[in-house]
Amino acid sequence: MKMHVGQMVEIVYVDKVGKITQRKIEIKSMRDGMLRATCLSSGSPRVFRIDNILAWQPTKVKHAG
């Protein structure tokens with residue numbers, strides 16, 4: 001199973017300083033090893049390195065707005 005644009009997923013991610021976070025996001029685009037998404041809790045745009053996503057699973061959470 002692969003992630004795709006428009007999908008809402010929950011990810012476990014390690015950032016550039018080694019901090020591990022868990023987020024629910026809606027995928028906007030994937031290109032050149034980068035995933036652009038909207039954080040479903042804050043509504044803010046986020047960019048993630050695909051290589052730094054440790055785990056993911058589909059979610060059915062709808063974002064407010």
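Let me start with a question: is Gln7 buried or exposed? Gln7 is buried, because its relative accessible area is 11%, and buried here means under 20% relative accessible area, exposed over 50%, partly exposed in between, with a 1.4 Å probe and protein chains only.

Before going on, the ground rules. This is a predicted model, where local features need pLDDT of at least 70, side-chain atom pairs count only at pLDDT 80 or more, and totals for chains, interfaces and linings use all residues. Residues are numbered from 1 along each chain as its sequence is written, and side-chain values use heavy atoms, with hydrogens and water left out.

Back to Gln7, then. You'll find Gln7 in the segment before β1, which is 8-14; strands are DSSP runs of E, at least two residues, and helices are runs of H or I, at least four, numbered from the N terminus. The Gln7 side chain gets to the backbone nitrogen of His4 at 3.0 Å. That's a polar contact: a pair of N or O atoms within 3.5 Å, where, within protein, one must be able to donate a hydrogen and the other to accept it, and residues adjacent in sequence count only if both atoms are side-chain atoms. If you skip neighbours within four places in sequence, Gln7 is in contact with Lys2, Ile25, Glu26, Ile27, Trp56 and Pro58, contact being heavy atoms within 4.5 Å.

Now the core. The largest nonpolar core has 10 residues: Met3, Val9, Ile11, Tyr13, Ile25, Ile27, Leu35, Ala37, Phe48 and Ile53. By nonpolar core I mean buried Ala, Val, Leu, Ile, Met, Phe, Trp, Tyr and Cys residues joined through side-chain atoms within 4.5 Å. At least two residues of this core come from each of β1, β2 (20-31) and β3 (34-39), and β1 gives the most, with three. Tyr13, one of the core residues, touches Lys19, Ile20, Thr21, Phe48, Arg49, Asn52 and Ile53, leaving out residues up to four places away in sequence.

On to charges. Side chains of opposite charge can pair when their charged atoms come close. How many salt bridges does the structure hold? There are two, each a side-chain nitrogen of Lys or Arg within 4 Å of a carboxyl oxygen of Asp or Glu. One is Glu26 with Lys28, closest N and O atoms 3.8 Å apart. Glu26 counts as buried because its relative accessible area is 16%, while Lys28, at 44%, is partly exposed. Arg31 and Asp32 also pair up, at 3.8 Å from N to O, and here both Arg31 and Asp32 are exposed.

Asp32 sits in the loop between β2 and β3 and has 72% relative accessibility. Its phi is near 55°, a positive value in a residue other than glycine.

Last stop is Met34, in strand β3. Met34 comes out as partly exposed because its relative accessibility is 25%. Leaving out residues up to four places away in sequence, Met34 touches Ser29, Val47, Phe48, Arg49 and Ile50. For a sense of distance, Met34 and Lys60 are 26 residues apart in sequence, and their C-alpha atoms are 23 Å apart in space.

That's my tour, so over to you for comments.
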